[in-house]
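Subject: Structure handover

Hello,

Here is the structure we talked about. Please open it first, then read the notes below.

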Protein chains: 2
Amino acid sequence: MRVALLAHEKFPDDAKTAVGVLRYADFDVAAVLDRDLAGDRVSDHLAGVADAPIVAGMDELDEPVDALLIGIAPIGGGFDESWRPDVRAAIERGADVVAGLHYFLSEDEEFASLAAEHNVDLRDVRKPDEDLTVAEGVSGDVSAEVVLTVGTDCSTGKMTSSIEMMEAATARGEDAAFVPTGQTGIMIADWGHPIDRVVSDFTAGAVEDMIVERGDDHDYLFVEGQGSINPPAYSSVTLGILHGAMPDKLVLTHNVGQEVVHGYEDFALPDLDTVVDLYEDVAAPVHETEVVAGMINTSSIESDEKAREAVEAYSAAIGVPATDPVRFGAEEVLDAIL
Amino acid sequence: MRVALLAHEKFPDDAKTAVGVLRYADFDVAAVLDRDLAGDRVSDHLAGVADAPIVAGMDELDEPVDALLIGIAPIGGGFDESWRPDVRAAIERGADVVAGLHYFLSEDEEFASLAAEHNVDLRDVRKPDEDLTVAEGVSGDVSAEVVLTVGTDCSTGKMTSSIEMMEAATARGEDAAFVPTGQTGIMIADWGHPIDRVVSDFTAGAVEDMIVERGDDHDYLFVEGQGSINPPAYSSVTLGILHGAMPDKLVLTHNVGQEVVHGYEDFALPDLDTVVDLYEDVAAPVHETEVVAGMINTSSIESDEKAREAVEAYSAAIGVPATDPVRFGAEEVLDAIL
């Protein structure tokens, strides 16, 4: 599938869906749309992924694409009206539009009628199944070892860490699968429930549904965590996943140097060892688990040597092996996990 | 408003909506519908509320009612098809139907068309507002003291305790309000968001919306908690309320003698002091708070003397004053709360 990735004004640091798709999805990326970086190339801003041009809008795309993917996941999941001309242009050019917003493109009157006219699909991957319900408390019964990523905040690399661990385990010959819980992971894996969008009462149940579906087919499930237990806004999603997945092991993700909650700067992050205790303590009544490894995003540090020091400091702070899975690879901590 | 309360096979112990409405709502209850207890009276099963007959179905009701209220809140919130004849009969007799289920009566084809034909309303109080979003993290800024009930499980008396505290504080001359978060509370208070039914990502935001709306109009807000932090199914709702309400004080509710999670008997309740620590620890990164009082449901104990002993044992276990708010009154612990 040939796709364009919309990431206006956010590429690459605040366009985690676009970056995730570039890094892990099996798509041919024709272009990234970012009006602030038009004329640059993806490789000017992001290493280790297939290169592509950055353009100002769909109108500047010379070749046809199968789909336009909305590559930004803003807090609140709203649709930015400045994206409308590109979505309109994509539909008019016969491309499907894939989005992971709380705002459903398929329920937007203009897009819905235009899509019908041009016979294209509007796929809202954050639209949950109708038949979800409360958890039964049975995730602990599956035969797979369940490894969940948790974090000190949202956007700390939980999806990335889970996929990198799954790939590292697979490279070592293990039978491992990735369980997505968010819009980007669902776009990459092409299945999964968008956990932050399900009915609050069904949060754990939707996760359990996925664990039960895949948990006897693999030896390891690497479950993508969401959000964090400590910020004021979306901790309920995090706890629903923690209790719904009943993980045997936790991997704590963190952005190097981050001290306050992203978007909520009045709220300090707790000490790292407090975060470890919080996750283990709140998981325990449902399923005993422990943090066995750490993953730290050191992309803000230029030198590998300084990044290595940051990894070591993080490992010391949380008392378990750690790595930067993108920079140094997840295999560095795999022995602690498998 | 004159109402009938549907509570088939569940009255009174498993019909907490019916009992809550009987105890606290400003309705005239014409009858309770329970096919297992038909011929009995409410007073045969429940003390301290206005009496009413118990009948087998709407067809046995001689007098007209303004509304039929679904008085059962099953785990999962489904509609039991055995209730269909009574809902149909209510509509045909010109009565509105009020429900707090996850299954929306207003979206049931038969009920919707019948309601249109008979010009009655189908009110699904668990249907959330369309315009909710993520929390901003501002509940801590309101002038009211916020008191939240938490629990060792669902159905431990959180709504009852919150209303009893609000009424006791009001009786003492304080300006106190009740903030409902569940279907029964919303039916009683006639406002509020059904927190367990909102989008998982918006759980805290929906609570914050209510705290901000009322928090500068009163000196005390008594917020109804939901669920519990420790069971496998609905802890995400509980944590969303804890982080969204940013309570200054917590009141821990518990059913005397309960040792396992209701409906999930493989899961033991943690020790009471562990539960206290869990709530305080997981609240702390957002808003420091502490458990200042306990409320215990001793309705399974016949003698007042033994119930008093249970209250004292509970108080000793959690290290703060306690009461049974229905049996002994919330005013016993009000000094610890105000």
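How many of the 14 residues of H4(A) are buried? The count is 11 of the 14, so helix H4(A) is largely enclosed by the rest of the structure. Buried means under 20% relative accessible area, with exposed over 50% and partly exposed in between (1.4 Å probe, protein chains only). Among the buried residues are Met159(A), Ile163(A), Glu164(A) and Ala169(A). Gly173(A) follows H4(A) and has a positive phi, near 95 degrees.

Some ground rules. This is a predicted model, where local features need pLDDT of at least 70, side-chain atom pairs count only at pLDDT 80 or more, and totals for chains, interfaces and linings use all residues. Residues are numbered from 1 along each chain as its sequence is written, chains are lettered from A and ligands numbered from 1 in the order in which they are written, and side-chain values use heavy atoms, leaving out hydrogens and water. Helices (H or I, at least four residues) and strands (E, at least two) are DSSP runs, numbered from the N terminus.

Next, strand S4 of chain A, residues 67-70. Both its faces are covered. Ala67(A) and Leu69(A) are buried on one side, Leu68(A) and Ile70(A) on the other. Strands pair if DSSP finds at least two bridges between them. S4(A) runs parallel to S1(A), with four bridges. There, Ala4(A) stands opposite Leu68(A). Three bridges join S4(A) to S5(A), also parallel. Here Ala67(A) faces Asp96(A) across the pair.

Best wishes
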